[in-house]
Structures are given as C-alpha cells and as structure tokens.
Amino acid sequence: MNSYLASILIFTGINLISVLGMFLLMGLTGLLSFGQVGFMAIGAYVTAISYMRFGLPFGAGLLLGVGVSLLVGLVIGTVTLKLRNDYFALATYGFAEVIKNVLIYFSGYTGGSMGVFGIPAIVTLPMVIVIFLAALVLCRNFKVSKLGRNSLAIRNDELAAKVMGINTFKQKLLVFLFSAVFGSVAGSLLAFSTYYIEPNMFNWSKSVELIVIVFFGGINSLTGVVFAGMALTLLPEILHFGAEWRMVIYTAIIIVTMIYRPTGLFGRWELSLSQILGWIKGRRKSAVGRGGQGA
Amino acid sequence: MKEQPKTLLQMNNVTMRFGGVVAVNGVNINLSEGRLAGIIGPNGAGKTTVFNLISGVYDPVEGDIRFRDQVISGKSPSEITHLGIARTFQNIRLFKGLNVFDNVKMATNCRTEYSFMEGVLGLPRVWRQEKESAAEVERYLELVGLLGYENTWPENLAYGLQRKLELARALATKPALLLLDEPAAGLNPTEIRELMDIIRRIHKELDMTILLIEHHMDMVMDICEELWVMNFGKVIANGDPEHIQREPEVLRAYLGS
Amino acid sequence: MLVQQIINGLSLGSVYALMAVGFALVFSILKFSNFSHGSVIMLSAYLGLWFSNRFDVGLFPTLLVCMIGGGTIAVIIEKIGFKPIRDKNGPLIYLFVSSIAISMFLQYLMTALLGGRFFMYRPLLKSSSWRFAGITIPIVNLAMLAASIVALVFLLYVLYRTTIGIAIRAAATDLSTPNLLGININMLISITFFISGALAGIAGLFLGMSLNVYPQLGGLVLKAFVATVVGGLGSLGGAVIAAFLLGLLETMITAYIGGAVTPMVSFTVMILFLLFKPEGVAGLLGLSSGSATQKL
Ligand SMILES: Nc1ncnc2c1ncn2[C@@H]1O[C@H](COP(=O)(O)OP(=O)(O)O)[C@@H](O)[C@H]1O
Ligand SMILES: [Mg+2]
C-alpha cells in the first residue's frame, strides 16, 4: 500500500480510538471532558520515554502508560466528578493544561517544549486496525449491557438514576477511567507512528476535535461516531485544508449540529451485525432471483 | 391472641428545613409490613418531602428513619433502593434517552451481579443475566398494561401510560416498600379505576407494602387501609379511612375553616 | 513599590470584575457558563482598534462604540447560538457546549482572516504613565480602574433601581417570574446579554490597550470564570470581590515570584474553592448563591 495512505489510515485509526473513549464519557454518560487529551499525552510520553530511556519494549510501555493514566485518572476523577457538569469540564481542562505544563517544565525527561525526537515507527496499520476493532467491541458491549443503560440514565436524570439504585459516582468514575485507557492507548500509538511528540500536540483544540466528532456523529450512536470520526479525520487530509480553516469548519459544524440536530447526524441509529448479514443475504437472493428469471 | 404485624418503616420525629421553610416538622410515621397506606394533605403540606426523606434524596436535619430496624437516614438514594425501597415521582421523571423497555430494564440493574469488566468483555454471565432481566421486564410491563410499547420512547407515550411506566420501573427494583407520589394525578376516571386495580394486584400478588400520596379522596378512601393526614409539615391525624373522615382537624385543614 | 503593585493589581482586578460580572449576569438567569463571553471581549477589542484608527478619535468615543458593539455582538450570539437550543428545551450542557464552540469558531475565524498577529492601539490617552512620590503607574491602568468602577456602580443602579433590573434579579431566582411582572422573557434575556456584552466591550477595549489585540485575547474569560466560581455561583457581589482579589493575587505573584506560575495559582485557588467552599466568597459573606456540586 501507498505509505502516505497507510499513514493517514493509521492516524485515522488512532483518532478513532480516542474518539471511542470520548463517546463513552461524553456521548453516553454526558460528561463533557477536556481531559482526554491529557491522558493521550500521558500514554504518549510514558511509552516514548520508557522506550527511549529505559529500553522498555513498546507493548510494556503502552501498558505502563495505561497504568499511569489509571492512577492519575483515579485522583482527578475522585476530585472532579462530584462537581456540576460545566465545572467538571473546566476542571478537566485545568488538568490537561497542568499535564502540558509539567511536560514543558520537566524538560530533563520530556525534552521540554521541543518534545521527544527519534521515536521509531513501530506502529503498523494492521496493529492499529486490530486495536481499534477490539476497542469497538468493548464499546458495543458497554452500550448494550447494563453499563450503557446506567450511563444513559445518568446523562438524562442523575437524581432519578440514583433513586433507581445506580451508584452514579461509581459508574461515572469507572467510565472516566475506562475512557482514560482509550486515550492513553491512542497516545502511545500516536507516539510510535509520528517519530516525535511535543506538548503542543496535546492542546485543548485536540479535545475540541474529539468533542466535535462525537456531537456530529451523534451522542447515542456508536455507528455515527465512528463514521464522523473517519469523515472528519480523512476529509481535511484529502482536501488539504489549512489548519486554521479546518478548525473554523469544525467549530461551525458543531454549532450547526447543536442547533439543528442536537442528537447528531445519526440520531439513535445503530448498524448491527445482523443487519449487515441481512443485506448481504438479501443481495445474494435478489441476484439469484434475477439469474433464475433470466434462465 | 392476634399476631402483631411487624413495623417496616419508622420515622421518628423527622424534621426537614429549606432555608426558612420548615417543610416537614417532627413527623412520626409507623408503617406496618403488608399495609396499603396513604398520605393525604393540601398542596405544600410536605408530603413529597417525606418521600424525598425516605428515599434518601434529602437527609433530615432532625430525627431518624428506620427501615426494618436499620437506620437509613443519611444513606444515599441508591443504597436505600438496594435495601428495598422504590418510588415514583410526582412530576414524572422517565429517562428520555431510553425506550420503554430499557426504562424498566435499567431498574433491574441494581440486582444484576456482573461487574464492569465482565460487562465490557461481554462474558456469558452477562448474557444470561440480561436474558433473565428481559423476561422480568416483560412481566412488569404486562402487569401495568404496557405490553406492545417496548420500543416506544417515553416522551411519545400518552400521559396516563407514562405514569404506568413509572410504576413498572419502580416495581422492577423488586422493592419491599413501594412509594407512589400522586400516581393518579392527571388521569381520567377510567384510568384511575384501572390504576386502582393495578395497585391492588401489586399489593396482593407481589406482596408489597405500599405507601401512596393522593389527592383523589374517593380513591384513597377506597383502597387505603391506613392514612396519615399532613398539614403545614405536621401529621395532624392518623388512622383508618372511616376514622379520618370524622376527624375535626382534618375537616378544618381541608375546608380551611 | 508595594503601593504601585497594589494599584496595578486593583486595576487588573477591576477589568476581571467587569468580565466576571457580565459572565455572572448570564449565569444567574440561564444557569450555564457562557464562554462566548470571551469572544465578545476579543471582537470588541478589534472593533475599538478599527474604530479609533479609522476615525482618529480618543478614548471616550471608542469606549462608547465598544460598549454598543459588544452588547450587540452578545445579543446576536444569543439569538444564533443559544435561543434555538432554549426553544427546544435542550439540556444546559448544550448551551455550554454551544458557547465553547462559538468562542472557538470566532477565535479561529479571526486567526484565519487576520492571522495570529498582535495589533497595537495607537495612544488614546495623552500621557502614558503617572509619576507620584517615586511610584510609576500606567495611565491606562488608572483609566481602566476608573471606568470599571463607574460601570459597576451604574450596573448596581440599573439592577436595584429600574424595573428591568428588578426583573433581571427576579429572573435569577425563577425564570418564569418576569412573565408575571408582564415582561417578555426573551426580551429580558436579550437585555441581559446586551448589558453583559457592553461590560465585555469595556473590558475588551482596556485589555486591548494594555495587552494588544490578538485572536486569543478572549481566553482571558477564564479569569472571569475563576472569579465567578470563587465568588460563588451567579452572585454578582461575590464575583466582583473575587475578581479584585484575583487581580491583586496575580499581580503580586507576577511581581514577587514570577509570571510562569501565575495561571497555575489561579487554577489551584479555584479548585480549592470548588472542593472546600463551593458556595464561594458569597457563601462566606452570607450572600445568596447556587450549588457547585451536582444538584441531587
Ligand atoms: N428543594 C426544595 N427547596 C426549597 N423548598 C422546598 C423544596 N422542596 C420542598 N420545598 C418546600 O417545602 C414545602 C413542602 O413541599 P412538598 O413536600 O412538595 O409538598 P406537597 O408534596 O405536600 O405538596 C413547600 O413549601 C415547598 O415549597
Ligand atoms: Mg407533592
């Protein structure tokens, strides 16, 4: 395959993994977070530094990143998840900014604002695809089990959810940690596919991008979010937008979506495996039918 | 000698204030197991606040609440639900993002045992329990007469059906004590008669203790075995319906004389 | 030296107070954190810059234009970005997301149109600084302090002595009350946004004059946010006090410790308040306020 195309697809896959985390957190549970990018940064830096400095293999570094993200997430989540929704959003923004500042400040390990250079491109397209599909399956399981119902109930009416027996704080914390894992893994993959990482890759505009994708695809639709993730990551690459106009268009999309279609492009619609199989069968049948008539 | 029924719920001298408003003022309630009882009183008397206190939405500023001899005041709403108390809301609070079926199914969540990890991994136990819950949900939907509406969104249901859905959702937590906050509000006479039948069936067949708040006097007098009358945050009378109807304090509260 | 820092701190605090009051005003009636407030500040700064250059006028005409411009921009943002959501009874978080999207949109739009360049106001004041008993204070700081205090006092008058002001305060406790008073809710919301935007216009002009004009100028709205949180949700008095304290704190830290840690300190103060004193300064002083933790 063309290596340029491969690198775009790798990038899209990685983006989709962190989008999935955002979908669980913001889409299903209604927790608007600007902290996702902080966990991406943790994953990227932990994996990169442990590889470059301490010779830890990529896989082990990725798991170490997940571990660190879980620890940090536990602290941040415990502190912030009791706040009002907009305060939570701001607190997570503060968290991401702190992470960025720490990366700049402790330049001995992180290379400061220059970042870490010369990271080998270990990540391959099949690897990204496998991890993405695994993440997708986890998300689907989440959505169709009691976890998804708990989250939707909390998003809709937290008090009623509590009264119906949900430990809402615990559920929110678990989702927060779970999505932190998605972010961390995405960050690790990103570091080992782009040769270098720097603090500015983990800006709040990155968080906004993830939020836009989830709202655009639909806060209730896994299918919609995956579609929106692909479209909004691939389109600018294909059309070669300038960086500024790209953000102008992104933010315009979210405003229009919020106003005219608050449930997102796909609403509540989901594509299921049986539907796909149904289509394939249907097509085969009609092909056979036509063949029969011809004979 | 007749066997004394066990006390299920006990409120001892419970007081609740909001700023300067004393919404509930030194209330004592002793509800025996197996009763179908009611709380009546004018608007603003503090009835809903009593429910909010029992279900843990608020913690009382004074007094305590016991359920099966265990103090529950101070516990969180979800803990209290796990102990066996469920309620409906006066201003219907269904989950708009979930369809009718899932609104009821989410209430069975508090009894499913699989963990977060099992859930996301989709292990066999998850599917077994999901299937069991689904069967239960169908039973509750049938009980309240909502079969056939499984895939409807709650906001698209007629008002009377929304009230029934609230009832089914509360039942799905399998409570020992069911609190119904004005279940007949906004219903027409036919629907009220239907609702009364459903409540009686729940009481008998599911063996639940029921405490309900109502304004429809004929309904209350008809189905309740015991009543508490509240006014200005206080319980002003307690007894069986015949007794209550003759109580002068009650007449005064209602007629305002 | 210390006196000089205190005056500088107070004047910084006074601009924060202007921003915070506008922010808190909208919060008090619509109950969401309106981040598009920052773009009103930023656009007003550009507007003032353009106006003062184009017509070669001094501080007062520019101030007037910034106020009217800021108010108008805020009302337009409300009509386009919030009213459709309110009409559909959308959840509060949608208004919040919309406000963030709008502020990002305008910031990136200005960057795409004009580039990330810094624009400088030409001097709108006769002298640039004031020397007295060995201390030097930039005149723009004094003008800022004076204008902010006048604006705040005028706002106080409007809120407590006029029908509209009373209606706004009534709407803060219950949005349906003004209807009872015979005032149209949408009109009232527009007026609130206009007042809030006019205050942002003043802040924008002075921030532009002292910090130059650039697309990210609106990011300073975070200070207003911190001040309203520390002040106590939706409490105007609390927000003003907190804003002055924040201005002083930041100036002192910058002067005696170093500018690099300043943002960290303000955020830390906010988080500490959220955790331990969610009812904020207003709560400490016994003024009314909402709740920072998730409502039950
Ligand atoms: N969350 C609250 N905040 C302030 N006041 C409240 C709150 N809940 C109830 N009240 C007040 O408590 C009193 C009793 O209300 P409520 O229990 O709803 O009465 P009822 O259900 O009997 O009509 C009323 O005066 C009401 O305004
Ligand atoms: Mg009531």
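How many bridges join β4(B) to strand β5 (residues 70-71) of chain B? The answer is 2 bridges, and the two strands run antiparallel. Let us look at where they sit.

## About the model

This is a predicted model, in which local features need pLDDT of at least 70, side-chain atom pairs count only at pLDDT 80 or more, and totals for chains, interfaces and linings use all residues. Residues are numbered from 1 along each chain as its sequence is written, chains are lettered from A and ligands numbered from 1 in the order in which they are written, and side-chain values use heavy atoms, with hydrogens and water left out.

Helices (H or I, at least four residues) and strands (E, at least two) are DSSP runs, numbered from the N terminus. Two strands pair if DSSP finds at least two bridges between them.

Back at our opening pair, F67(B) has Q70(B) of β5(B) as its bridge partner. The hairpin of β4(B) and β5(B) has 2 residues between the strands, and R68(B) takes a positive phi near 50 degrees there.

## The six-stranded sheet of chain B

Chain B also has an open sheet of 6 strands, ordered β6-β7-β8-β3-β9-β10, with mixed pairing. Here β6 (85-87) and β10 (234-239) are the edge strands, and the twist averages 20 degrees from one strand to the next. Strand β9 (residues 226-231) of chain B pairs with β10(B) over 5 bridges in the antiparallel sense; one residue pair is V229(B) with its bridge partner A237(B).

Helix α6 (residues 159-171) of chain B lies across β6 and β7 (177-181), at about 160 degrees to β7(B). Helix α7 (residues 189-205) of chain B packs on the sheet and touches β3 (36-40), β7 and β8 (209-213); contact means heavy atoms within 4.5 Å.

## Helix pairs in chains A and C

In chain A, helix α6 (residues 125-144) and helix α7 (residues 146-156) pack at about 65 degrees with their axes 3 Å apart. That makes α6(A) roughly perpendicular to α7(A). Angles under 35 degrees count as roughly parallel, over 145 as roughly antiparallel, 65 to 115 as roughly perpendicular and the rest as oblique. Residues in this contact include F142(A) of α6(A) and L147(A) of α7(A).

In chain C, the axes of α3 (residues 59-87) and α8 (residues 185-211) come within 6 Å and cross at roughly 135 degrees, so α3(C) and α8(C) are oblique to each other.

## Confidence in chain A

Confidence is given as pLDDT, from 0 to 100 for each residue. Chain A has a mean of 87, and 93% of its residues reach 70 or more. Its lowest confidence is in helix α13 (residues 273-294), at a mean of 60, and its highest in helix α9 (residues 168-191), at 97.

Note on methods
Axes fitted to C-alpha atoms, helices over the stretch in contact; angles between N-to-C directions. pLDDT = per-residue confidence, 0-100.
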